[in-house]
Amino acid sequence: MSGDPAHGPGRLMVLAGPSGVGKSTVVAELRRIRAPLWFSVSATTRAARPGEVDGRDYHFVSAAEFNRMIAEGELLEWAEIHGGMHRSGTPRAPVDEHLAAGEPVLLELDLAGARAVRGQRPDALFVFLEPPSWEVLVDRLIGRGTEATEVVDRRLATAREELAARSEFDVAVVNHDVGETARRLVELSVGPPVDGAERGGPRAVPTDSSPAPDRSASGATSAGASE
Ligand SMILES: Nc1nc2c(ncn2[C@@H]2O[C@H](COP(=O)(O)OP(=O)(O)O)[C@@H](O)[C@H]2O)c(=O)[nH]1
Ligand SMILES: Nc1ncnc2c1ncn2[C@@H]1O[C@H](COP(=O)(O)OP(=O)(O)O)[C@@H](O)[C@H]1O
């Protein structure tokens, strides 16, 4: 898969949404169907899990190396994950290289990361992945494991806060069916150019994705922004 420079730079697309909505599952599906997108590989300070491959799943780096990357401005954004358990961030150079080659680029980020990228790349398309309903999100969050009640309660409280961020995004895609969601994301990745005038209101997109009603609440910033 390669981009086409004749068609200008590729689109930068940022995918975020509440924990448990299905972001990882959808990205795995996009990889499985070999979607014509380049997937950013984050740097992280957490240890690799069994089966994870350095450079494919993450760039696994030490805390010192992560600090160096921040100091040298090598990260487009970074954030503390799971309340500071570790840090993850997006290496800037490969993103720019793939966009320049005409490829659409997908960043799957937490909300802090999405907000940080918006401050730097207002031309990117910000996609919020939504659950079909609150009940479905609860099922997906709880169905994933066997955590203690207090862990689940904390997750649900966080998910409520995260759902409220929908209005900050350009477009919302409801994750009913993984295959269908993946196809919509592919469509969005090559959709019409982002027109500055569309900002602040629903964006016309060639899908039945529901437009986010209002992105005027978009002044949020992240401590993780590296610029
Ligand atoms: N801001 C930011 N968030 C990231 C990055 N990489 C992964 N994440 C987020 O980190 C969270 C946990 O990612 P995941 O790999 O599933 O977590 P883990 O496997 O529990 O470490 C998710 O919300 C991801 O969207 C990154 O480079 N930057
Ligand atoms: N469209 C879907 N339909 C049914 N279950 C889904 C769907 N998308 C994700 N899931 C399930 O929901 C749970 C959470 O998904 P996951 O990808 O880990 O979420 P996230 O990365 O957003 O935290 C997983 O058990 C996953 O299999």
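1. Ala, Val, Leu, Ile, Met, Phe, Trp, Tyr, Cys and Pro are counted as nonpolar, Asp, Glu, Lys and Arg as charged, and the others, Gly among them, as polar. On that scheme, the shell around ligand 1 has four nonpolar, seven polar and five charged residues, while the shell around ligand 2 has three nonpolar, seven polar and four charged residues.

2. This is a predicted model, in which local features need pLDDT of at least 70 and side-chain atom pairs count only at pLDDT 80 or more, whereas totals for chains, interfaces and linings use all residues. Residues are numbered from 1 along each chain as its sequence is written, chains are lettered from A and ligands numbered from 1 in the order in which they are written, and side-chain values use heavy atoms, with hydrogens and water left out.

3. Around ligand 1 there are 16 residues (a heavy atom within 4 Å), of which Ser42, Arg46, Arg49, Tyr58 and Glu77 come nearest. Among the polar contacts (N or O pairs within 3.5 Å), a polar side-chain atom of Ser42 lies 2.6 Å from an oxygen atom of ligand 1, and an N or O atom in the side chain of Arg49 is likewise 2.6 Å from an oxygen atom of this ligand. Glu108 places a polar side-chain atom 2.8 Å from an oxygen atom of ligand 1. Of the 570 Å² of accessible area (Shrake-Rupley, 1.4 Å probe) that ligand 1 has on its own, the protein covers 83%.

4. The elements (DSSP runs, helices of at least four residues and strands of at least two) that give two or more residues to the shell around ligand 1 are strand 5 and strand 6. Strand 6 gives the most, with four residues.

5. Ligand 2 has 14 residues around it, and Gly20, Gly22, Lys23, Ser24 and Thr25 come nearest. An oxygen atom of ligand 2 is 2.8 Å from a polar backbone atom of Gly20, and an oxygen atom of the ligand is 2.7 Å from an N or O atom in the side chain of Ser24. A nitrogen atom of ligand 2 lies 3.0 Å from a backbone N or O atom of His176. The protein covers 72% of the 570 Å² of accessible area that ligand 2 has on its own. Helix 1, residues 23–32, gives the most to the shell around ligand 2, with three residues.

6. Ligand 1 sits in the largest pocket, and ligand 2 sits in the largest pocket as well, where sitting requires more than half of the atoms within 2 Å of its grid points. A pocket is an open set of points on a 1 Å grid where a 1.4 Å probe fits, with protein on both sides within 12 Å along at least five of seven lines, and lining residues have an atom within 4 Å of a point.

7. The largest pocket holds about 1,800 Å³ of space, and of the 48 residues that line it, Ser24, Tyr58, Ile81, His82 and Glu108 are the closest to its centre. Elements that give two or more residues to this lining include helix 1, strand 5 (75–81), strand 6 (86–91) and strand 7 (105–108). By class, the lining has 15 nonpolar, 15 polar and 18 charged residues.

Note on methods. Polar contact = N/O pair within 3.5 Å; in protein donor to acceptor, adjacent residues only side chain to side chain. Points joined across faces, edges and corners; volume = space filled by probe spheres on them.
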